[in-house]
Amino acid sequence: MSKDSRRLRPLRAEGTPQTGEDTMIRRTLLKGVATAATLAALTFTASAQTRTTIDMWIGVTGPAQEQILGLAREFNESQQTVTANVSFRGQYPEQRAAAFAAFRAGNPPHIMQMFDAGTGDMFGLPRATIPVSEVFRRAGMAFDPAQFIGPARSYYSAADGTLNSMPFNVSTAVMFYNKNIFRAAGLNPEQPPRTWPELIAAATQIRERNAAECGFTTTWLAWIMLEQFSALHDLPLATEANGRGGLSTELTFADAQRAQMVQTLIDASRNNVFRYGGRSNDAAALFEAGTCGILLQSSGGHASIANAMRTRNNEFGVAALPHFPSIIAEPKNGIVGGASLWVFNRANMSEAEIRGVAQFLAHLARPESLVRFATATGFLPATQAAFQQMQASGFFAQNAGRDVPILQLTRGTPTSNSGGYRFGRWTEIRDMYHEEVERALQGQQTAIVALQNAQRRGNEALRQFQRSVGN
Amino acid sequence: MERKVVYPHLVLPYLLLAPQLIIIAIFFYLPAGQAVWMSTLLQDPLGLSVRFVGLENFEIVLSDPAYRETIARTFLFSILVVVVALVPALFLAIMADRVVRGASIYKTILIIPYAIAPAVAGALFLFLFAPSIGVISWPLRFVGVDWNPRIDGLDAMILVVLSSAWKQIAYNFLFFLAGLQSIPKSLIEAAKIDGANAKRQFWTIVLPLLAPTTFFLIVVNVTYAFFETFGVIHSMTQGGPGKSTEIMIYKVWYDGFIAQDIGRSAAQSVILMVIVVALTVVQFRYIDRKVHY
């Protein structure tokens with residue numbers, strides 16, 4: 001045992017002084033290994049000599065991750081000059097922390113996938129990235145931002161129309177409902193609630209007839225109850241065109257309408273008409289387990305819900321998010337969620353690297369790539385062409401409900417309130433909203449006080465961000 | 001009366017200490033120094049714009065009433081974790097000490113939880129106490145307890161205290177057992193001959209003789225509660241609902257990694273460091289005197 005381990009050790013700890021004989025044997029061995037390795041490397045690089053490596057970091061798991069890795073593999077096999085090296089670096093927030101740390105150390109990835117709420121931070125740090133439009137211009141490749149669906153384009157574009165990041169996995173929030181539970185409650189499964197009063201009535205009936213343990217639940221509280229809600233009802237979140245006009249933006253969401261939404265949740269918490277399922281994605285499990293009859297969730301969760309419902313032998317439907325007719329008669333479009341792809345402004349990036357980045361992005365934005373990605377995951381096709389291709393192939397006719405999110409995103413004429421928003425430190429401000437609303441749900445404060453607290457704390461964070469970026 | 005040993009060499013002792021000192025310097029003093037330096041800077045998330053702001057970060061953090069609540073909560077949480085981790089451990093150790101047959105099997109079973117990572121312990125308890133599907137929350141509902149740690153701050157606190165302490169019970173058990181076994185049997189027998197009952201034996205002989213062990217465990221458990229419980233909180237409640245389970249170490253991580261405010265996060269880690277150093281000094285200076293070795 002000890003003899004063997006002594007033999008093995010020198011290979012690992014190179015440079016440790018050894019006895020003469022040992023060292024000799026080791027050197028000869030190492031030389032042999034090194035020569036063989038160099039030869040292998042030489043033969044390998046001979047064929048791939050001209051290949052430029054492009055690093056992309058992603059923060060998604062499951063089918064979405066498999067699809068992106070598959071697209072990269074396909075891209076690498078399709079040409080001889082660029083190797084796209086895609087790696088998973090933890091969920092969105094961890095991946096962002098890793099990418100930012102790498103940037104500080106002077107070695108960020110070429111491309112990173114940044115979730116919706118981080119968009120404002122990136123816009124506030126223009127020196128760190130190269131706008132996607134400019135990447136294509138420098139690479140000498142044609143690129144038309146208008147190919148992307150409107151709400152995604154406006155969310156990720158600067159005021160002059162430059163596309164700063166490329167929309168990729170686009171989603172929006174919709175309503176899922178369990179048709180079996182609807183039937184058991186004596187509700188019409190083909191007539192989902194369209195408004196909040198209708199939804200509350202349906203959820204109450206589910207509880208009264210004891211068709212399920214809870215009426216409805218929601219994922220991503222701030223994204224759905226504050227951001228989507230404000231866009232749908234054409235209400236501003238903040239001054240300066242929802243932050244797109246500048247960093248001096250101030251939050252203004254503490255008003256009677258937003259409070260009415262929170263109050264509705266507080267009232268419905270009695271008798272489990274509404275059950276709070278946590279800040280992020282966890283509430284989806286309550287719907288998938290048949291505990292709740294209705295779920296408000298990202299369209300990106302479609303595949304997982306469809307799977308769960310199949311195993312339970314339950315039918316489900318998809319419908320647009322409800323609205324308050326007392327606030328708006330015809331609801332506006334929803335806003336996009338998901339993530340976009342940003343190109344880091346690396347020091348001394350070569351022309352070959354710029355071209356490689358542009359080629360890989362172009363490959364990802366091809367209609368066939370996006371159609372495959374959207375079909376497998378439940379995310380939406382990010383370009384018009386991909387959407388039309390899915391329509392033409394009859395995908396939406398065969399998969400009921402999959403067109404609901406895209407119709408909700410593109411309906412009507414967007415206003416400055418429904419065209420997205422842009423705030424630094426929005427990830428943190430979302431959690432401030434979560435914390436304050438959770439305290440209201442516990443009965444520690446009223447709905448309007450919760451919103452006022454979230455707004456005050458949020459504004460402090462915005463000012464701190466404004467100062468930190470040197471403005 | 002202490003006898004002092006004087007080494008004739010000046011260099012050798014330092015040379016022998018060097019490996020340890022280098023490790024401490026690289027892995028403790030260097031990062032700690034960096035944290036102190038960063039706590040005086042205002043910088044954007046990517047470090048493109050960095051400004052020296054002196055003690056401003058400390059001012060912002062300490063003038064925030066929510067942060068002062070977090071400090072108070074951290075103390076409450078730590079005291080609860082230490083008590084819940086020590087008392088059952090002592091009880092189990094006394095019981096295990098009495099077992100004659102199959103003692104090593106019981107001991108091994110009781111030690112197992114220590115091998116489990118805090119985050120895994122958190123995940124286990126999350127399943128056990130999950131509202132509506134948890135093995136423990138299900139019977140709780142039948143006895144009329146409306147258990148929901150997602151929305152009830154008190155339930156959430158109970159949950160994180162239990163799961164943080166549970167893992168530590170195994171560790172404490174091990175030390176208490178060793179302490180109990182080193183108590184001379186003759187003392188207990190003498191007490192028995194004098195007619196002392198079990199309760200009296202425990203309070204007048206066992207507990208005082210366990211004092212050094214208890215003191216050591218309090219120091220270790222306080223440090224554990226302040227720092228290592230991060231994994232439990234991160235995997236179970238993320239500091240919520242509201243801020244009801246947000247402790248200082250969690251907020252350091254949150255402000256640094258999620259909010260990307262390095263200066264404020266560094267200021268908090270400096271405050272945390274000062275508190276824990278102060279606590280340890282107090283424990284050694286004052287409690288140590290009352291302990292008889």
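1. In this predicted model, 29 residues of chain A are in contact with 22 residues of chain B. On the side of chain A that touches chain B, the elements giving two or more residues are helix 4 (92–104), helix 20 (426–441) and helix 21 (447–468) of chain A. Helix 20 of chain A supplies the largest share, 7 residues.

2. The class make-up of that side of chain A is 9 nonpolar, 9 polar and 11 charged residues.

3. Chain A has 471 residues, of which 49% are buried. Its secondary structure comprises 21 helices and 10 strands. Of the contacts in chain A with a separation of 6 or more, 77% are between residues 24 or more positions apart.

4. One helix pair within chain A deserves a separate point. The axes of helix 6 (residues 132–139) and helix 15 (residues 351–365) of chain A come within 9 Å and cross at roughly 120 degrees. Angles of 65 to 115 degrees would count as roughly perpendicular, and those over 145 as roughly antiparallel; helix 6 and helix 15 of chain A are therefore oblique to each other. The crossing of helix 6 and helix 15 of chain A is left-handed.

5. Helix 6 of chain A brings Val132(A), Val135(A), Phe136(A), Arg138(A) and Ala139(A) to this contact, and helix 15 of chain A brings Ile354(A), Arg355(A), Val357(A), Ala358(A) and Leu361(A). By class, the residues of the contact between helix 6 and helix 15 of chain A are 8 nonpolar and 2 charged, with no polar ones.

Conventions. Residues numbered from 1 in each chain as written. Chains lettered and ligands numbered in written order. Predicted model: local features only at pLDDT ≥ 70, side-chain atom pairs only at ≥ 80, totals over all residues. Axes fitted to C-alpha atoms, helices over the stretch in contact; angles between N-to-C directions. Helix = DSSP H or I, 4+ residues; strand = E, 2+ residues; numbered from the N terminus. Parallel < 35°, antiparallel > 145°, perpendicular 65-115°, else oblique. Left-handed = near helix turned anticlockwise from the far one by under 90°. Contact = placed C-beta atoms within 7 Å. Nonpolar A, V, L, I, M, F, W, Y, C, P; charged D, E, K, R; others polar. Buried ≥ 20, exposed ≤ 12 C-beta atoms within 10 Å, placed from the backbone.
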